Amino acid sequence: MNKLLNTLLAVAVACVTATAFAQAPAPAKGQPQPAAQDAAPKGGATSIEAKVAMCMGCHNIPGYQASFPEVYKVPMIAGQNAKYIASALTAYKNGDRKHPTMRGIAASLSEQDINDVSAYYAALAPAGAAALAEQPRQPDAQVSALLQKAACASCHGANFSKPVDPSYPKIAGQHSDYLYVALKSYKTDGATVGRSNGVMGAITKQFSNAELKALSKYVGSLDGEVKTVPQNRFH
Ligand code: HEC
Ligand code: HEC
């Protein structure tokens, strides 16, 4: 009898715990998520909502700025190629990309998480929603010469949104200030900043920072497929 009572009590306690857990308050509709810097990465998350919850505080807020290594807008990743998103996350995870915040975040993701969040963001702004011109607006003579010097379009596509390989990024319409930081980072491969990528490393080293800035300004000013989708559209 005692044994049965104990068992029943144990079951009752388990039920209460399970209910309390299930009723943990969910963030209210449209309410901003806590700043992602403060949120501990949620290892072992199973739902896609839980997996992207920690990304949204930065990547789903239009105009959200990062301050390391300088102030710039965080990259738009909705509508980016899934393979490229996965490749970038893997580069943060294995240290080929040094940005400290993204390194910490990517380190908490399993390979499955990386594939899931990449597919999610790629589908968040469907490609082709607004048909892009095959040839973008003509750059001025200086930028035109810079683009030709490194044959940027031969990899990123004529309109910079149709890369020849899905693991290469769409760059048209991306924030110019971010493009500039990204391009400069391929020139550096230090302990705390920089990116090691053989292809873009060799290319960016041929240009001065002023030239990289001119390229970023032009490419960022074009129509593109990458977007920031505000987080309240998720609910
Ligand atoms: C605290 C803000 C913050 C959070 C949270 C965050 N990111 Fe980032 N993310 C950044 C910044 C800043 C960069 C640019 C880093 C750099 O310069 O390399 C970036 C870069 C990226 C890139 C590379 C984009 C490109 O065009 O190369 C991807 C992909 C990415 N983040 C995905 C994610 C995903 C997925 C999550 C959630 C699991 C996430 N980020 C969470 C701030 C954040
Ligand atoms: C031979 C192919 C190739 C050429 C030519 C090339 N790129 Fe890239 N580019 C890549 C690849 C591959 C990546 C992704 C590297 C990585 O994983 O970090 C990349 C990344 C980038 C990024 C980072 C995007 C992001 O979201 O972080 C920018 C910006 C960029 N390229 C601009 C340019 C410009 C401007 C030119 C011409 C001056 C150029 N690229 C020429 C292949 C190329």
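This passage describes a predicted model of a protein chain, first as a whole and then around one of its ligands. Residues are numbered from 1 along each chain as its sequence is written, while chains are lettered from A and ligands numbered from 1 in the order in which they are written. Because the model is predicted, local features need a pLDDT of at least 70 and side-chain atom pairs count only at pLDDT 80 or more, whereas totals for chains, interfaces and linings use all residues.

The mean pLDDT of the protein chain, where pLDDT is the predictor's confidence in each residue on a scale from 0 to 100, is 84, and 80% of the residues reach 70 or more. Over residues 1-42 the pLDDT is below 50, and this stretch has 21 contacts in the model beyond near neighbours in sequence, a contact being a pair of residues whose C-beta atoms, placed from the backbone, lie within 7 Å. Where pLDDT is low, the predicted coordinates should not be read in detail.

The protein chain has ten helices and two strands, these being DSSP runs numbered from the N terminus, with helices (H or I) of at least four residues and strands (E) of at least two. From the N terminus on, the order of the elements is α-α-β-β-α-α-α-α-α-α-α-α. Of the contacts in the protein chain with a separation of 6 or more, 68% are made by residues 24 or more positions apart. Buried residues account for 28% of the 235 residues in the chain; a residue is buried if 20 or more other C-beta atoms, placed from the backbone, lie within 10 Å of its own, exposed if 12 or fewer do, and partly exposed in between.

The two strands, E1 (65-66) and E2 (72-73), are joined by a loop that holds Pro69, and the peptide bond from Phe68 to Pro69 is cis, with omega near -5°. Tyr64 belongs to the loop between helix H2 (48-59) and strand E1, and is partly exposed because 14 other C-beta atoms lie within 10 Å. Leaving out residues up to four places away in sequence, Tyr64 touches Cys58, Lys73 and Val74, while the C-alpha atoms of Tyr64 and Pro75, eleven residues apart in sequence, are 9.0 Å apart in space.

Ser118 lies in helix H5 (residues 111-124) and is buried, since 23 other C-beta atoms lie within 10 Å. Apart from neighbours within four places in sequence, Ser118 is in contact with Ala82, Ile85, Ala86 and Leu89. The C-alpha atoms of Ser118 and Tyr84 are separated by 8.3 Å, although these residues are 34 residues apart along the chain.

Around ligand 2 there are 24 residues, of which Ala150, Cys152, Cys155, Ala182 and Asn197 come nearest; a residue is near a molecule if its C-beta atom, placed from the backbone, lies within 6 Å of it. At least two residues of this shell are supplied by each of helices H3 (82-94), H7 (152-156), H8 (176-187), H9 (198-204) and H10 (209-221), and the largest share, four residues, comes from H7. The shell divides into 18 nonpolar residues, five polar and one charged, where Ala, Val, Leu, Ile, Met, Phe, Trp, Tyr, Cys and Pro count as nonpolar, Asp, Glu, Lys and Arg as charged, and the others, Gly among them, as polar.

An unreviewed UniProt entry places the feature "binding site" at Cys152, Cys155, His156 and Met200, with the caveat that such annotations may be inferred rather than shown by experiment. These positions span 49 residues in sequence, yet no two of their C-alpha atoms are more than 11.6 Å apart, so they gather at one spot. Cys155 is part of helix H7 and counts as partly exposed, with 17 C-beta neighbours inside 10 Å; beyond four places in sequence, Cys155 is in contact with Pro163, Val164 and Tyr168. Met200 sits in helix H9 and is likewise partly exposed, with 19 C-beta neighbours inside 10 Å.

How values were computed
Two residues are in contact if their C-beta atoms, placed from the backbone, lie within 7 Å.
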